[in-house]
Amino acid sequence: MIKVALNLFFLILLSLTAAGQSGPVQNNKARVVLSLNGKWNYIVDPYENGFYDYRRKAFDASASGKGGFFDDLTHTDKSELIEYNFDYSPALNVPGDWNSQVEKLELYEGTVWYRKKFTISPNSEKKYFLYFGAVNYEAHIYLNGKKLGMHKGGFTPFQFEIDKHLINGENSVVVKVDNTRKQDEIPTINTDWWNYGGITRDVFITETPQSYIADYKIQLSAADRGAIEGYIQLAGNTQTELVKVQIPELGISLQAKTDASGKAHIRIPARKISYWSPENPKLYGVTISSAADQVEDRIGFKTIGTKGQDILLNGKSVFLRGISIHDENPLLAGRLRSEGDMRMMLQWAKELGCNYVRLAHYPHSEDMVRLADEMGLMVWAEVPVYWTISWDNPDTYNNAKQQLTDLISRDKNRSSVIIWSVGNETPLSEQRHAFMGNLISHARGLDNTRLIAAALEVHRNGTEVIVDDPLGEKIDLVSFNEYAGWYWGGTPDEIGKYHFNIKYSKPVVVSEFGADALGGFYADDKTKFSEEYQEALYESQIALLSTIKGLRGMTPWILADFRSPRRQHPIYQNFWNRKGLISETGNKKKAFYTLKSFYSSKQEQYK
Ligand code: GCB
């Protein structure tokens, strides 16, 4: 009864939130006219003095809409009272988190104001958007003192149309960024990663014609490898018009007519496609054009599916030789800032023998996913529905759904993405099943060309490790995190006594196992935090997991050490989660080679 009521409630919610949501222009970077990356002046504002008056009323909601730091004032009259000044304030690099740039902000959680001045000569025939790749977590955006809007969610892009607010000449953009953790948000207060605050990804201004290509999906049909399918969506002054898709290398040039809503569905028979795979990361140049607009992309074509306990990439059974990765540079702590940082991480995964990466636990940047396309790494992409979130709160659900929508919308043309994951280690309850179940249906509704998964938990009964979660019915893979030999189950030599009882006959892709090891700390294989312990654990885990008949992949935890306030041992951890196979100085630990050798045998087996 409760279940039915909850489902009904979520259904109503789904229909209420579906309307009017539109993400950023597809492939935004291909259209940049002005990058706002670089130095931004900042003011740390722990009491939110620049946002609320002394009665705690928001300035931007007052009758004048003025009074906050977003006015970006400087003294013009010596008798004026102004208690801030961006011009004389220090600067932070954007993209970049504040924690790793300013020592006193290392542990800061709260509000920081950012200000950037830029000059532009807008063309009245064009449209302009102010685009943010990601801001963690809550952002209030103002242009020339006017509020453009607010965005929540630290890892997904958003944009505002700014034609009406742009000035010919100097403009000021002010962003209030608040990374305070809150129970009802996504993620919630408790995570095992650093809560890096700030404008962590690119900011730019995009220019388009009045009628512009807002979105497109151009992918191989899930059902037919001989057809490219998808749509083109125009926006702005849309009317029925002809749009075109060209893929010169495949001899494709297709015209289609948009309907009254500006959308044209396409289906293109395509023979002789060189299918995308890790061995052959072939990307085709694709041009999408309308009467007024044109966008270029590079897209690979593949299918992914399951049959029994097999995962089929382009119809062929594959083993996912993976590793989990956080969006963090171990060498220069902080979020990955540039293509070089990202390439380093993915190159390490390649050296490990990977054909697959789990981009945990939240959307990584679009650039990372594009690099995976290019470098030939399949991707598990995830939203931060992590641990114990507020399952009963409709706002929390809407937030999770929006983040999932934005992730899928952004990366739906990326050939590397094979899996959308709706969450990690969420505890069993009716409310959680409804919440996650609805996210799964939502993801399927948005994209039928990828697998849907979630990292589940195991439960134990003696030496039996049980995977029995109602979500298992709804997802395509059996994926679980399992820490035998670390959080439970004794030392690595004792792992062998366990066996699995998995309720679902689907491909098994183990989403995590691992052990902390301080790089360069050598001891015996029973000494926690030593490289030998981690190495022995990898050997025993690989032996244990190999007993699972349907094992088709894994992403051990994790490629590189990463920072986490939960990890406090003063000798071994110092705020670092040490489960990396690579240390924070970039050294490969012993277990790196254990996994590498297992992957090389799997590569041989699945040739
Ligand atoms: C997990 C979590 C991951 C943690 C890891 C750990 O199960 O999914 O976010 O970092 O364990 O090291 O405990």
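1. Ile558 belongs to the loop between strand 33 (551–554) and strand 34 (562–563), strands being DSSP runs of E with at least two residues and helices runs of H or I with at least four, both numbered from the N terminus. The peptide bond that joins Trp557 to Ile558 is cis, with omega about 15°.

2. The model is a predicted one, in which local features need pLDDT of at least 70 and side-chain atom pairs count only at pLDDT 80 or more, while totals for chains, interfaces and linings use all residues. Residues are numbered from 1 along each chain as its sequence is written, and side-chain values use heavy atoms, with hydrogens and water left out.

3. Another cis peptide bond runs from Asn136 to Tyr137, with omega near 10°. Tyr137 is placed in the loop between strand 6 (135–136) and strand 7 (138–143).

4. Asn27 is buried, at a relative accessible area of 6%. Arg56 is partly exposed, at 49%. Here buried means under 20% relative accessible area, exposed over 50% and partly exposed in between, with a 1.4 Å probe and protein chains only.

5. The ligand is surrounded by 14 residues, of which the closest are Asp192, His361, Glu425, Tyr487 and Lys579; a residue counts as near if one of its heavy atoms lies within 4 Å. This shell divides into five nonpolar, four polar and five charged residues. Oxygen atoms of the ligand lie 2.6 Å from a polar side-chain atom of His361, 2.6 Å from a side-chain N or O atom of Tyr386 and 2.8 Å from one of Asn577. Taken alone, the ligand exposes 320 Å², and the protein buries 97% of that.

6. The second largest pocket has a volume of about 550 Å³. Among the 29 residues that line this pocket, Lys29, Ser365, Glu366, Asp367 and Arg370 are the closest to its centre; a lining residue has an atom within 4 Å of a pocket point. The lining comprises eight nonpolar, five polar and 16 charged residues.

Note on methods:
On a 1 Å grid over the protein atoms alone, a cavity is a set of points where a 1.4 Å probe fits but cannot get out, and a pocket is an open set with protein on both sides within 12 Å along at least five of seven lines; lining residues have an atom within 4 Å of a point. Grid points are joined across faces, edges and corners, and a volume is the space filled by probe spheres set on the points. Ala, Val, Leu, Ile, Met, Phe, Trp, Tyr, Cys and Pro count as nonpolar, Asp, Glu, Lys and Arg as charged, and the others, Gly among them, as polar. A polar contact is a pair of N or O atoms within 3.5 Å; within protein, one must be able to donate a hydrogen and the other to accept it, and residues adjacent in sequence count only if both atoms are side-chain atoms. Accessible areas come from the Shrake-Rupley method with a 1.4 Å probe; for residues, only the protein chains shown count as cover.
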